[in-house]
Amino acid sequence: MGFLVENVDDHYEVIKGLTSEIVQEPTTRPWGNRSLLFRDPDGNLINFFTPVSDESKRKFA
């Protein structure tokens, strides 16, 4: 499940204190999103992402 957030890095600072299930720390992906992957208590993979490239920002504007 993916969620568009304003700033992935800010959310990471909060989430890393709530879970040890970080799958991927904030990383800028080749398609222009900065992404954070973690698991919820049920084991579901959660993706928080922020568009950072101009193309990606236009896509989600």
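**Figure 1. Contacts of Asn 33 in the predicted model.** Apart from residues up to four places away in sequence, Asn 33 touches Thr 27, Thr 28, Phe 49, Thr 50, Pro 51, Val 52, Ser 56 and Phe 60, where contact means heavy atoms within 4.5 Å. Asn 33 belongs to strand β3, residues 33–39; strands are DSSP runs of E with at least two residues, helices are runs of H or I with at least four, and both are numbered from the N terminus. With a relative accessible area of 9%, Asn 33 is buried. The classes are buried under 20% relative accessible area, exposed over 50% and partly exposed in between, with a 1.4 Å probe and protein chains only. Because this is a predicted model, local features need pLDDT of at least 70 and side-chain atom pairs count only at pLDDT 80 or more, whereas totals for chains, interfaces and linings use all residues. Residues are numbered from 1 along each chain as its sequence is written, and side-chain values use heavy atoms, with hydrogens and water left out.

**Figure 2. The side-chain pair Ser 56 and Asn 33.** The side chains of Ser 56 and Asn 33 are joined by a polar contact of 2.4 Å. A polar contact is a pair of N or O atoms within 3.5 Å; within protein, one must be able to donate a hydrogen and the other to accept it, and residues adjacent in sequence count only if both atoms are side-chain atoms. Ser 56 is part of helix α2, which spans residues 54–59. A relative accessible area of 4% makes Ser 56 buried. Leaving out residues up to four places away in sequence, Ser 56 touches Trp 31, Gly 32, Asn 33 and Pro 51.

**Figure 3. Val 52 in the loop between β4 and α2.** Val 52 is located in the loop that lies between β4 (45–51) and α2. Its relative accessibility of 35% places Val 52 in the partly exposed class. Residues up to four places away in sequence aside, Val 52 touches Thr 28, Gly 32, Asn 33, Arg 34 and Lys 57. From Val 52 to Lys 16 the C-alpha separation is 22 Å, and the two are 36 residues apart in sequence.

Figure 4. Val 14 sits in helix α1 and counts as exposed at 53% relative accessibility. Leu 18 occupies the loop between α1 (8–15) and β2 (22–28). Leu 18 is also exposed, with a relative accessible area of 69%. Leu 18 and Phe 48 are 30 residues apart along the chain, and their C-alpha atoms are separated by 15 Å.

**Figure 5. The protein chain as context for the close-up views.** The protein chain contains two helices and four strands, in the order β-α-β-β-β-α from the N terminus. The C-alpha atoms fill a box of roughly 35 × 20 × 20 Å along the principal axes. Of the 61 residues, 30% count as buried. Among contacts between residues at least 6 apart in sequence, 33% join residues at least 24 apart.
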